Each structure stands twice: as structure tokens, then as C-alpha cells.
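Have the chain in view and follow it strand by strand.

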Amino acid sequence: MVFKDIVEKLKNIDGISTSHSESWTYMSFEGVYNSRYSSSFFTELYDAFASQGIANAIVFHIDNEPISSPDFIEELIDDSSWKIHINKMSWLDKFDKANICHTLFYYKDSFKEWVKGSDPFEEDYPLNKGCYHIYVNNLEENFGGSNLIVNDTDTVDRYALIESIPDFQVENYIRINCNSDFIIAPHKHLIHWGRVNHITRFFYRNAILVLLSSLCDEITKDRKVIIRGHKKILSDIGGESLIEDNLLDYQNLLLEIYKWIYDNEDSCSVKKRLFAERVSLDLDQNLTLYVSLYPILSDVYSQIKEQYSYIMYDRKDAYQKELKDLLRDIKNITDLFSSKIRNILGNLLRDVLAGLILIGITLFSKVSEVSALLENNLINYVFKAFGVYFLSSALLQVIFDYIDVNRSFKEFNYWKNITRSYISSTQFCEYKKQTINRRFRELLYYYIFIIILYIGIGCFCFSYQSFWKETLSPPINKESIETTEEVHQQMLDSINISIKEKNDTII
């Protein structure tokens with residue numbers, strides 16, 4: 001977005017207007033037309049907007065009635081009241097390829113009033129939504145930071161967007177009870193270059209307020225901050241009265257503390273607790289946090305760093321003890337997984353062996369009766385009973401083993417709260433991933449394979465009779481049938497011959 005031509009045309013309009021107003025979202029000019037003025041001022045302004053593809057942002061009025069641009073020139077007569085309304089929202093959501101949104105303030109004082117009344121915690125505050133380049137007409141000195149460039153030209157030096165700190169997601173460490181969205185994102189508000197002056201001081205103020213809130217423990221519904229140290233501090237965050245001379249030092253010192261606390265997740269909770277305990281001793285609760293913290297901040301920072309060094313030294317022995325207990329519990333749980341595999345495998349072999357012994361001894365003790373057993377439904381009932389037994393055994397073992405393993409996981413996760421002062425959640429999860437989770441995956445593979453064997457044996461028992469007939473019964477051969485019939489016929493012939501010989505003898 002290029003604003004230089006628009007600004008040049010706005011100078012003509014500003015020269016003939018009698019009043020004006022400007023905010024982040026709009027700009028307006030009002031006046032009374034006189035034929036001594038050139039009507040081309042309005043046409044040229046409209047053309048400047050049209051050339052940037054934002055012609056819909058400008059609306060003309062005559063006697064408070066909106067009118068289109070061509071008709072506006074024709075309707076202008078002496079002493080008619082005119083008004084121009086410019087809607088900045090037409091381009092405030094348009095980000096370029098570098099993900100920067102460009103906008104304009106024609107009046108420097110309006111820009112100052114806007115930032116003075118801004119709330120950096122609101123979701124709609126521009127810097128909470130993206131990176132902005134703000135063209136401010138007649139600005140004396142450029143400035144900017146991690147998410148902002150303010151100058152009086154269309155030129156944007158993208159290297160000026162200094163990313164000094166990452167997003168530490170501090171909102172995860174602070175309890176926010178506000179009904180509306182309360183955004184705490186220090187990395188978006190820092191000012192890294194530019195002098196502290198009558199305009200930039202409000203941007204420095206906003207950065208300081210956000211850094212202050214990131215060091216607290218809780219934000220109340222009425223937007224007060226709570227620090228829980230040796231005593232509970234409830235205070236307004238402040239910012240109405242500025243510490244003009246030391247804003248840059250104040251921001252930089254808060255930034256150092258902020259990075260020191262949040263840069264390492266493993267020690268974040270300990271450092272934040274040290275800060276709260278030390279600050280709660282000296283804060284003046286009759287003043288805002290913004291005012292009361294600055295005089296003691298440097299001493300607080302040096303003392304909590306020293307305390308942290310002593311604590312880390314004392315924590316080594318406690319850390320070793322907690323780690324030893326943790327590893328012992330890891331070993332117990334992994335042994336549980338191994339025993340579960342051995343148990344279910346032993347149960348499978350026991351069940352199969354018991355079934356084979358029962359069938360072999362009780363039903364097949366007499367080989368001559370095997371054919372009769374096959375024709376009888378008794379053996380079918382026996383195998384179905386075995387099928388029910390195998391499937392029930394598999395189901396019950398799955399249920400009770402799941403309960404045991406789930407209870408073991410819950411008991412192990414209890415360590416996460418016990419050891420959080422010595423072992424970070426990330427390190428704890430890494431121990432769990434490399435030991436228990438790996439062994440648990442192996443358990444699942446073996447366990448599922450054995451359960452499939454259980455189900456397969458159960459299904460075999462249910463379909464035993466059809467399986468036997470199709471695979472184990474001898475096939476019926478036509479030649480054998482014919483041979484049997486011939487033998488039978490020979491036997492009949494021999495019997496007839498014997499009877500005939502007996503009859504001849506008698507005679």
C-alpha cells in the first residue's frame with residue numbers, strides 16, 4: 001500500500017476544511033464550500049484512493065447526505081456543507097507478501113491520542129493481530145520493534161523488525177479470570193529502536209505493562225494482578241502515570257527478567273516463585289505495580305539470580321533421590337508388562353494342554369467308537385464348550401490386565417506432580433517415552449498376537465465338526481463301493497451253492 005500520493009492530496013483537503021477527526025479506524029474532514037476553492041481537490045483525492053484499489057474507503061457527503069463522487073462535484077455550490085469520511089478498515093486487514101499490514105495517520109496528534117488510550121491486552125489491539133507499518137505524516141523520528149514500524153514514508157525496512165525473543169506462551173503459566181479475552185504477548189509489543197519521546201513513550205508503556213503482567217501469577221476479573229509470594233499482593237497494574245525518564249531502562253530490565261524466567265521451561269516455575277517471594281516483601285500495595293516495582297526491580301533481579309544458584313546446588317541431592325525412585329518405579333512397571341505377557345502365554349498353553357488331555361483321555365480312549373462319536377452331537381457340544389471357554393478366558397484376561405496396566409500408568413503419572421520441582425514435565429515425558437511407552441508397545445504386539453491365537457482356537461472349536469468332515473474323514477471311492485458289491489454277490493453265490501449241495505446229499 002502506497003500512501004504518499006494520498007497524503008499529498010489530503011493536504012489540499014486539510015487546507016480548506018474547518019474541522020477534522022481521526023482514529024485507528026477512520027478519518028473525516030468537514031467544511032463549507034466556496035467557489036474560490038478548486039473542486040479538483042476532491043476529484044484528485046478520489047483518484048488517489050482509486051489508484052490504490054480502495055475507492056470504496058472514501059465517502060462524500062453534502063448537507064449530511066451521502067453522494068457519489070461524480071455527483072458530488074456537480075452538487076457543490078457556495079455555502080454548502082461538505083464532509084469526507086475515510087474508512088481505514090478497508091485496508092487494515094490486508095497484509096502484504098511479507099505479512100505486514102500498512103496503514104496511515106495523517107495527524108500526528110491523533111496518532112498520539114490513539115496510542116495513549118490503547119489497551120495492549122485487548123484482542124482487537126492491532127499488534128496482537130499482526131505486524132504493522134504505520135505511515136505518520138510529519139513524524140520527527142522513526143521507531144519500531146518486533147512487530148511495528150512507524151515512519152513518515154512508504155519505505156519499509158523489514159530488517160528493522162527485530163525478533164528479540166520467541167513466543168514463550170506465558171498465558172499457560174498465568175491464571176486469567178477475565179470474562180473478556182486478555183492477551184499477554186510481550187514478544188509483539190517490544191520497542192527496540194527509537195528515542196523515548198512524547199509519542200514513543202506510550203508504546204514503551206504498553207510493552208512494560210505486558211511484561212509486568214507476564215511476571216504475575218493471576219489476573220482477576222476486574223483486571224487486577226495477583227502475586228503470590230510470602231504474602232499475597234493484589235494491585236492495579238497501572239500505567240496511567242508514566243515514568244518518563246527511565247522507560248527504556250525499565251523495559252530492558254523487565255525484558256531481561258522475562259527471558260531469564262521463561263527461557264528454560266525446566267526451571268520456569270522455580271524462578272517465577274523466587275521472583276514472587278522476593279517482590280512480595282517490598283512492594284507498596286498503595287501504589288500500582290507499574291510505579292512500585294521499578295525502584296526495587298534491579299535489586300530483586302540480582303537477589304533472585306543468587307538465590308537460584310544456591311537452590312540449584314541444594315537440589316542436586318534431592319534430584320538424584322527423586323530420579324532413583326522414579327527409575328525404580330519405571331523398572332517395576334516394565335516388569336509388570338513382561339509378567340503380563342508370560343502369564344497370558346502360560347494360560348494359553350495350559351488351556352490348550354488341558355483341552356487336549358481331556359479330549360484324548362475321555363473321548364478318544366476307545367478307537368472303535370470314534371465313528372460313533374462323530375455321528376453323535378456330544379462331541380460337538382464338548383468342542384463348543386471349549387470354544388466358549390477359550391473366548392471367555394481371553395476376554396476376562398484382557399479386562400483385568402487392562403485394569404492393572406491402567407492403574408499402573410495412573411500411579412506412575414502421579415510422579416509427574418511429585419517431581420515437578422526437580423524434573424521438568426518435558427524431561428519426565430522423555431523418560432516415560434523412552435522406557436515405559438516403548439515397552440508398552442512391545443507388550444501390545446505380543447499380547448494382541450496371543451489374543452488372536454485364543455480367538456482362533458475358539459473359532460476352531462465352534463467349527464470343529466465341519467472341519468473334521470472336510471479334512472479328516474476318508475473320501476468315498478466308487479471303486480471301493482463296486483468291490484464291496486462284488487464281494488457281497490460272491491458271498492451270496494457261495495451260500496446258494498452250499499444250500500444246493502446240501503439238498504442233493506439229502507436226496
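Helices (H or I, at least four residues) and strands (E, at least two) are DSSP runs, and they are numbered from the N terminus. The structure is a predicted model, in which local features need pLDDT of at least 70 and side-chain atom pairs count only at pLDDT 80 or more, while totals for chains, interfaces and linings use all residues. Residues are numbered from 1 along each chain as its sequence is written, and side-chain values use heavy atoms, with hydrogens and water left out.

Begin with helix H8 (residues 268–282), where Lys272 is found. A residue is called buried under 20% relative accessible area, exposed over 50% and partly exposed in between (1.4 Å probe, protein chains only). Lys272 has a relative accessible area of 6%, so it is buried. A polar atom of the Lys272 side chain lies 2.4 Å from the backbone oxygen of Cys216. Such a pair is a polar contact: N or O atoms within 3.5 Å, where, within protein, one must be able to donate a hydrogen and the other to accept it, and residues adjacent in sequence count only if both atoms are side-chain atoms. Another case is Thr200 in helix H6 (residues 200–214). Thr200 is buried because its relative accessibility is 1%, and a polar atom of its side chain lies 2.7 Å from the backbone nitrogen of Asn197.

Next come the strands. Strands of a sheet pair through backbone hydrogen bonds, either parallel or antiparallel. Here two strands are said to pair if DSSP finds at least two bridges between them. How many residues of strand E7 (residues 131–136) are buried? The count is 6 of the 6, so E7 is largely enclosed by the rest of the structure. In a regular strand the side chains alternate between the two faces of the sheet. In E7, Cys131, His133 and Tyr135 point one way, Tyr132, Ile134 and Val136 point the other way, and all are buried.

E7 has strand E6 (residues 100–105) as a parallel partner, joined to it by 6 bridges. Within this pairing, Phe105 has Val136 of E7 as its bridge partner. To get from E6 to E7 the chain passes through helix H5 (residues 108–116), and this β-α-β crossover is right-handed. The term right-handed applies if, with the strands pointing away from the viewer, the path from the first strand over the helix to the second runs clockwise. E7 also pairs with strand E9 (residues 148–151), in the parallel sense and over 4 bridges; there Tyr135 stands opposite Asn151.

The loop between H5 and E7 holds Pro120. Its relative accessibility is 2%, so Pro120 counts as buried. Pro120 and Phe203 are 83 residues apart along the chain, and their C-alpha atoms are separated by 9.2 Å.

E3 is mostly covered, with 4 of its 5 residues buried. E3 and E4 pair in the antiparallel sense over 3 bridges, and Phe60 stands opposite Ile67 in E4. The hairpin of E3 and E4 has 2 residues between the strands, and Asp63 takes a positive phi near 50 degrees there. Asp63 is partly exposed because its relative accessible area is 48%. E3 is also joined to strand E5 (residues 81–87) by 5 bridges, and these two run antiparallel; Ile62 has Trp82 in E5 as its bridge partner.

A positive phi is also found in Asn99, near 65 degrees. Asn99 sits in the loop between helix H4 (89–92) and E6, and its relative accessibility is 52%, so Asn99 counts as exposed.

A search of the whole structure finds 1 cavity of 30 Å³ or more. On a 1 Å grid over the protein atoms alone, a cavity is a set of points where a 1.4 Å probe fits but cannot get out, and lining residues have an atom within 4 Å of a point. Grid points are joined across faces, edges and corners, and a volume is the space filled by probe spheres set on the points. The largest cavity has a volume of about 30 Å³. Its lining includes Ile233, Asp284 and Ser292. Strand E14 (232–236) and helix H9 (289–363) are the elements that give two or more residues to this lining.

Methods. On a 1 Å grid over the protein atoms alone, a cavity is a set of points where a 1.4 Å probe fits but cannot get out, and a pocket is an open set with protein on both sides within 12 Å along at least five of seven lines; lining residues have an atom within 4 Å of a point.
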